[in-house]
Amino acid sequence: MEPVFTPEVEEYRLQVRQFLADLLPPDWHGSGRLADEDYTAFSQDLRKKLYAGGYLAINWPKKYGGQGLTLAHQVVLAEELTRAGLPNGTDNDVFSIQMFGNTLLAFGTEEQKQRFIPRLLRGDDVWCQGYSEPRAGSDLGNIGTKAVLEDGTWRINGQKIWTSEAQNANWIFVLVRTDTDAPKHKGLTLLACPIDQPGVEVRPIRQLNGRSGFNEVFFTDALTPEDNTIGLVNQGWKVAMGLLEFERGGAAAILAARFEEELSRLIELARRQGKIEDSAVRRKLAWCKGRVIGMRLLGYKALTRGLTGAAPGPESALTKLYWTEYHRVVTELSMELLGDDALVLTGRFPTIIDGPDAPGSTQDTATWVGAFLSGRASTIYAGTNQIQRNLLAERVLGMPREPRSDSGAWNAQGKS
């Protein structure tokens, strides 16, 4: 099932490879070798160069700043970035480009596209996602942050939590309740809202690994204009679900390259720890290799779907389920290989917490322990894996829906 990229796509690969070769010094070993204090500046500088070279959002239409290329070109670009030991943009780009940008192209007005997308691509605006709430749990339909329209301006009050990279953002796309009498999955609206205003407070959450990539975000009479409404008022559930499909499915075709690089490091770790000849370890490594190959094929299937112009669809839940459960096994194996060495942290924690660390990362114990800890979280965030299974059962396999006791008006649930 190995895909055959067209000659034009392979020619594009060579173009990318040359661009990156000209960009990097001869002694380059990957962004994973950079110190913490250097990584952020490096990734931001790289992003500027990718933008200047026309290598951001390349599959978007040219009228919106893309290159009008296909998803196959996008996959090739991602593969070459990983091969060169480079990240695919900054930590916020998954929200700015993959999630909000794609959602805006699908649901936004022409005026919104012209207003937001150029600034987003240039990096003038940096976005984060305002979905999760403390009282909503895993059910996004339970959210209680409210917005009231007053003379052409939305007034927002409430709290979001687990807001990744909000500390770096100046805009947030926030799902709010705009009709408190409607059933809870209705009466929702997606708003684009500036963060750098007096009514928004971002409070970092200190995590197990010592970092603060997550935040609480409090809205107290925060304001955003009515024309920052993405999609229709009170029909935000449809927009929100579309956005989540971009979150879960957008990386399907490029994840395998990152996991292959990590698996190579894991095999090298087994050698360094003198365990590569252990038959039990070899069986587990072989299992990992098989799963990565499966991940690549799953990605190519998503790519094939995307090349037909179809949206990621509910099958994107399968990708999220697959890679997060794989990564738990891989990182547990890394702890097994390190043994007692894992008790003494050396080096730095991963610079990337969503899946594998940055390409070219070292064998420092903190790198693997950090990936192990993040691997616990990945099966929970972006919709727990239990939710992904429900999506697959109901929307892909056509199984009966779970009985729901929460289909009444939102206020009737006592969550106001």
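Which residue with a positive phi follows α11? Gly398 does, with a phi near 75°. A quick note before the views: this is a predicted model, where local features need pLDDT of at least 70, side-chain atom pairs count only at pLDDT 80 or more, and totals for chains, interfaces and linings use all residues. Residues are numbered from 1 along each chain as its sequence is written, and side-chain values use heavy atoms, with hydrogens and water left out.

**View 1. Helix α11 and Gly398, which follows it.** α11 has 12 residues and reaches 15 Å from first C-alpha to last, close to the 16 Å expected at 1.5 Å a residue (expected span is 1.5 Å times one less than the number of residues). Helices here are DSSP runs of H or I with at least four residues, and strands are runs of E with at least two, both numbered from the N terminus. Asn385, Gln388, Leu391, Leu392, Ala393 and Glu394 are the buried residues of α11. Buried means under 20% relative accessible area, exposed over 50%, and partly exposed in between, with a 1.4 Å probe and protein chains only.

**View 2. A nonpolar surface patch made by Val396, Leu397 and Met399.** Together these three have about 290 Å² of accessible area, from the Shrake-Rupley method with a 1.4 Å probe, where for residues only the protein chains shown count as cover. Patch members have over 30% relative accessible area and no salt bridge; like charges are joined within 9 Å and nonpolar side chains (Val, Leu, Ile, Met, Phe, Trp, Tyr) within 5 Å. A salt bridge would be a side-chain nitrogen of Lys or Arg within 4 Å of a carboxyl oxygen of Asp or Glu. Val396 sits in α11, which covers residues 385–396, and counts as partly exposed because its relative accessibility is 37%.

**View 3. Asp151 and Asn234, each with a positive phi though not a glycine.** Asp151 has a phi of about 50° and is found in the loop between β2 (146–150) and β3 (153–160). At 83% relative accessible area, Asp151 is exposed. Asn234, with a phi of about 70°, lies in the loop between β8 (229–230) and α6 (236–249). Asn234 is partly exposed, at 29%.

**View 4. Ile97, a buried residue in helix α4.** The helix runs over residues 93–107, and Ile97 counts as buried because its relative accessibility is 11%. Leaving aside residues up to four places away in sequence, Ile97 touches Arg47, Leu56, Ala57, Trp60, Asn102, Leu120 and Leu121, where contact means heavy atoms within 4.5 Å. Ile58 is 39 residues from Ile97 in sequence and 11 Å from it in space, C-alpha to C-alpha.
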